[in-house]
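Here is a short report on one chain. Look over the sequence and the structure first, then read on.

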Amino acid sequence: MKQLLLVVALLTVGLSYSQDCSYTLLGELKDFHDGEPIAQASIYIKVQNRYITSDSQGKFKIESLCTQELELVISHIACETKTIRITIKGATFKVIRLEHHVEELNEISITSSTSRKETVTAQETSISEKTLKKYSALNLGDALKEVSGVSSINTGNTIVKPVINGMHSSRLLIVNNGVRQQDQEWGIEHAPNIDINSAGRISVIKGAGALAYGGDAIGGVIVINPSRVVLADSLYGSTILSGQTNGRGFSVSYNLSKTYRNGWFVKGQGTYKKQGDFKAPNYYLTNTGSVTKAFSVNAGYNSFESGFEVFYSYLNNEIGILRAAHIGNIADLVTAINSQEPLVAEDFSYTINSPKQDVTHQLAKLKYYKRFQSFGKFSVQYDYQNNQRFEFDVRVGDDRDKAALDLNLQTHTLSTDVILDSETDFKFKFGLMGRFQDNFANPETGVRRLIPDYNKYDFGTYLTVDWRINETTSVDAGIRYDFNKIDAKKFYRTSRWEERGYDVDFGDIVIEDLGTQLLTNPVFNFHNISAASGVKFEFNDKNTIRFNYSLSRRPPNPSELFSDGLHHSAARIELGELRLKQELSNRVGLTYIFNSLNFNATVEGFYNRINDFIYLEPFGIEQTIRGAFPVWNYRQTNAELYGIDLTVNYNITDNLALANTSSFIRGYDLSRNRPLIDMPAINTLNSITYSKPEWNALNLTLKSEWVLEQTEFPNTNFEAFIATTNQNVIVDISTPPPAYHLLHFYSDMSFDLSKKMNMNIALSFTNIFNTTYRAYLNRLRFFSDDLGRNVMLQLQLNY
């Protein structure tokens, strides 16, 4: 046995002495994007326990290597540290490519999420995750009003739709985690079905400057991105608990993320909110409670060179509509307008009765991306959305629990994008998109369907370029083509068909004559070309200007084409128009930015000329079995909108700061020489903030909100006969409410509970003095005052 061991030992020693260890590894480090050499990178040779450095050409040499597997750890400032293994079997040459921006991007995502931009020259403002958390118990529309020029059009206080420079609904495009939101956005009373707690950063882009998302965003684009995935082995999350006095509501939201250094991740998020009847200063707003249930899961692999993502979200909103807003006929509307208090005002309750909405929105997404050396990034994405909308009116008999509106919209989208960024000063981006929608309007509601069944087909392609000319000047430009096809099946009453002259202009689309009704098959094809260009010039470190021009076209939406029914809460019959053409917008924007150590200001001006602008206006009175109702028609005109938005911040001392956001906008019907309806009034928000970082990051903010009376409005009043009084009266639905001024207060402090956990406590007061007011853009202003005082306590745990 001893002799055998001696032989093995001698053979082992002999083999080791005979092994060739004269091999050399020549390496070259290059930037993944443009192939430029990476100099002064540190290369750690693990087996030799020593460091070497790449030269000015990115090259390095390791000599005296044996046949082996060599492990190198390569690091460089602004690069992700990379570990690679190279098998040495002889003289070896290896090109190693590093991503030269990964660490920089991670730093941005952690410390300054507001600095990243979706565009170069457009009028764009970002809202940080820290600011968004203040609105955890509220909704997207409330949070967006942090941006000057952004207001909202409301149906009560729960249904809040954002308005950008006077534009809303189908003229705004909302992108949620890379998916264009499709949730019956054409309705003024249809709020975006998005959980504000799922957002990590929101960018508001005024105008149609972001062509990659769509060419029909005449008003603007709202881009909602989740928090970025951190490339680290970590488990982190947060929980937010909120309670408020007005509505006696509460909410709880949580998110939890598990990430790995190698790029794998999984994230979960959930929200539950419950509100009872809200309260105006002098009475409860009966049947205004709401319940929100939402969750999302996100998992995938995220590295620089390739990755994929799987995402799913669910949101259900049950929203009560002010009971006093349910109008039986025109006489009830007149009575409501002339009354100082709601016709129905009961004690507080959490119960949600009719009228109400019950909306469920589901979104699923699959995405894959791959980067190619010295070329760029390719990505492909499929997403599916299912939007189920029930709207309940006050009904009796067997139909009391049956929805008056039952719409299901399913959307399938397949898209691909290519980014060419191998050149330092140029970035090209182009993409293709195909979309199919199926809208089903349930005929078993017992009510004439407001929107018909239809299939919609969309195809789009775009090309954009960003060019950094030099250190002070950048330009961008883009062009986009979209094709839209709507194929609908709709019943028309024969009398309505002939009254509107459709028998002459659209006789060929009738597929069946049922006597009192006609079954029709309207098919519309729209071709749209959009374009945008702009320039950014930095005079010096303090002064910057941006100029942007955008051309955009928006085809009419299904509501504008096909509406044919009674909106009970609005007390009006709405009629679409088959003859509508595409809107054409020419918008110019000019921005001046001043930045200094203690003072910064942004002034944004715009002019938007829109040909064939689509709007809704009163047309006459129609008698039904429930009484007389005004008829509102969709019409077109040529319009112009212009305005100025102002944002100012001034640090008086290290602890005291002033801020102001103000907005002025005007909109006119050029064809009829009168103001446009539903334009936001001049408003200004001033705040003073006291901060004391050493006192547990104490912040105290007092805000003054002043909204002037809207003096520019069209006269859409009409005359109606009231049978109960046997007289004709003027129904005043035009005159805006008076100006109002509100005071708000916000405070918060942060406490370290451990090395890995901290707590933030916030206390806020809105409408401190319980002021009575009515907002012009609240559609329920005819029936009640707006909200009174509210006190909210929020507890946020970060771990």
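## Around Trp 497

Start at Trp 497. Leaving aside neighbours within four places in sequence, Trp 497 is in contact with Tyr 492, Tyr 502, Asp 503, Phe 506, Ile 509, Val 510, Leu 518, Thr 520 and Leu 578. Contact means heavy atoms within 4.5 Å.

This is a predicted model; local features need pLDDT of at least 70, side-chain atom pairs count only at pLDDT 80 or more, and totals for chains, interfaces and linings use all residues. Residues are numbered from 1 along each chain as its sequence is written, and side-chain values use heavy atoms, with hydrogens and water left out.

## Nonpolar cores

Trp 497 belongs to the largest nonpolar core, which has 48 residues. Trp 497, Phe 562, Leu 578, Val 731 and Phe 783 have the most contacts inside this core. Helix α5 (residues 330-338) gives the core its largest share, five residues. A second, separate core has 29 residues, including Leu 132, Ile 164, Ala 639 and Met 679.

A nonpolar core is a set of buried Ala, Val, Leu, Ile, Met, Phe, Trp, Tyr and Cys residues joined through side-chain atoms within 4.5 Å. Buried means under 20% relative accessible area, exposed over 50%, and partly exposed in between (1.4 Å probe, protein chains only). In soluble globular proteins, nonpolar side chains tend to be buried together.

## The whole chain

The chain has eight helices and 43 strands. Both are DSSP runs numbered from the N terminus: helices are H or I with at least four residues, strands are E with at least two. The radius of gyration is 31 Å, close to the 28 Å that the globule rule gives for 799 residues, so the chain is as compact as a globular protein of that length. That radius is taken over C-alpha atoms, and the rule is 2.2 Å times the number of residues to the power 0.38. Along the principal axes, the C-alpha atoms fill a box of roughly 125 × 65 × 65 Å.

Buried residues make up 52% of the 799 residues. Of the contacts with a separation of 6 or more, 65% join residues 24 or more positions apart.

## Val 204, inside

Val 204 sits in strand β13 (residues 201-206). Is Val 204 buried or exposed? Its relative accessible area is 1%, so Val 204 is buried. Beyond neighbours within four places in sequence, the contacts of Val 204 are Gln 123, Glu 124, Thr 125, Leu 144, Val 147, Val 150, Ile 164 and Val 221. Val 204 and Asn 139 are 65 residues apart in sequence and 16 Å apart in space, C-alpha to C-alpha.

## Loops

Lys 581 lies in the loop between β31 (572-575) and β32 (583-595). At 48% relative accessibility, Lys 581 is partly exposed. Leaving aside neighbours within four places in sequence, Lys 581 is in contact with Pro 556, Asp 612, Ile 614 and Gln 636.

Asn 49 is in the loop between β2 (42-45) and β3 (50-53). Asn 49 is exposed, at 59% relative accessibility. Its phi is near 55 degrees, a positive value in a residue other than glycine. Asn 673 is in the loop between β35 (656-669) and β36 (674-675). Asn 673 is exposed, with a relative accessible area of 71%. The phi of Asn 673 is positive, about 55 degrees, although Asn 673 is not a glycine.

Pro 355 is in the loop between α5 and β20 (356-372). A cis peptide bond joins Ser 354 and Pro 355, with omega about 5 degrees.
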